[in-house]
Amino acid sequence: MAVSNIRAELSADIERVWAVITSPDSEWRSDLRGTEHLNEKNFVETDKIGFKTHFTITVFEPYSLYELKIDNDNISGRWTGKLSSVNGGTIIDFTEDVTPKRTIIKPFVKVFLKKQQAAYLRDLRKALGE
């Protein structure tokens with residue numbers, strides 16, 4: 001199991017942050033080619049090289065908590081996004097908790113997650129105009 005967390009304060013209000021992170025539009029994400037929405041709770045993200053990750057929304061509490069089950073050929077686990085308002089801005093607290101499916105990738109999973117989270121935060125800030 002590998003757990004990675006990123007926490008940051010954003011100047012955008014919580015409604016705007018929530019709208020971006022829960023949007024079916026993935027154009028703001030630099031690491032994705034696209035997103036296919038299968039139904040209300042399930043979607044598939046395809047990265048720039050064509051690798052697909054399946055997500056299932058397990059918790060959807062507007063402006064507060066967004067939790068997803070993650071599954072692809074390499075990992076399974078969950079992504080949890082917690083949001084809170086502070087001084088007109090938003091504190092985000094995102095955690096990925098995954099289990100590698102192949103022993104060979106186990107040593108690299110946490111480093112990969114940290115890199116992905118940093119890119120996600122960078123893209124989120126850009127999408128919010130920060």
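The chat below turns to strand pairing and then to one arginine.

Modeller: Before we start, please keep in mind that this is a predicted model.

Biologist: Fine. In which sense do S3 and S4 pair, and over how many bridges?

Modeller: Strand S3, covering residues 42-47, pairs with strand S4, covering residues 52-61, in the antiparallel sense, and five bridges link them. Within that pairing, Glu 45 has Thr 53 in S4 as its bridge partner.

Biologist: And what about the turn between S3 and S4?

Modeller: The two strands form a hairpin with four residues between them, and in that turn Gly 50 has a positive phi of about 95°.

Biologist: How many bridges join S4 to S5?

Modeller: Seven bridges join S4 to strand S5, residues 65-71, and these strands run antiparallel. Thr 56 stands opposite Lys 69 in S5. S4 and S5 also form a hairpin, here with three residues between them, where Tyr 63 in the turn has a positive phi of about 65°.

Biologist: Changing topic: where does Arg 7 lie, and is it buried or exposed?

Modeller: Arg 7 lies in strand S1, which spans residues 2-10. Its relative accessibility is 56%, and because the cut-off for exposed is over 50%, Arg 7 counts as exposed.

Biologist: What does Arg 7 touch, leaving out residues up to four places away in sequence?

Modeller: On that basis, Arg 7 touches Ile 91, Ile 92 and Asp 93.

Biologist: And what separates the C-alpha atoms of Arg 7 and Tyr 66?

Modeller: Those C-alpha atoms are separated by 15 Å, with the two residues 59 residues apart along the chain.

Notes:
Residues are numbered from 1 along each chain as its sequence is written. This is a predicted model: local features need pLDDT of at least 70, side-chain atom pairs count only at pLDDT 80 or more; totals for chains, interfaces and linings use all residues. Side-chain values use heavy atoms; hydrogens and water are left out. Two strands pair if DSSP finds at least two bridges between them. Buried means under 20% relative accessible area, exposed over 50%, partly exposed in between (1.4 Å probe, protein chains only). Contact means heavy atoms within 4.5 Å.
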